[in-house]
Amino acid sequence: MSVFDESDRPADRFDSARRTVIQHKDGGTCPQCADGTCRQQAWAIEELSQHPGGLLLLQQLELINPSTKPTEEGQPR
Ligand SMILES: [Zn+2]
């Protein structure tokens, strides 16, 4: 149960997040999955969205809208 050791190294967190979304990509699940929601997947997406490389990956996996710009806010639509 220690896949997610607390790590201070961003690279480790990024790598963990990357593995998580890739694991879920092919309809896969993880121990945290439950009824269509997965907090680990949610964490991974949030984590990746904070990095340019992660954003690119999310777009490639179609986990986020390609036109979504997290740094841009305040736009109604
Ligand atoms: Zn999961």
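Modeller: In the protein chain, 39% of the contacts with a separation of 6 or more join residues 24 or more positions apart; a contact means two C-beta atoms, placed from the backbone, within 7 Å. This is a predicted model: local features need pLDDT of at least 70, side-chain atom pairs count only at pLDDT 80 or more, and totals for chains, interfaces and linings use all residues. Residues are numbered from 1 along each chain as its sequence is written.

Colleague: Which pattern does the protein chain follow along the sequence?
Modeller: The pattern is α-β-β-α-α. Helices (H or I, at least four residues) and strands (E, at least two) are DSSP runs, numbered from the N terminus.

Colleague: Which residues are buried in helix 2?
Modeller: In helix 2 (residues 39–48), Gln41, Ala44, Ile45 and Leu48 are buried. They span an arc of only 95 degrees around the axis, taken from the directions from the helix axis to the C-beta atoms, which puts them on the same side of helix 2. Buried means 20 or more other C-beta atoms within 10 Å of a residue's own, exposed 12 or fewer, and partly exposed in between, with C-beta atoms placed from the backbone. Turned away from the buried side, Arg39, Ala42 and Glu46 are exposed.

Colleague: What covers the buried residues of helix 2?
Modeller: The cover includes helix 1 (10–25), strand 2 (37–38) and helix 3 (52–60).
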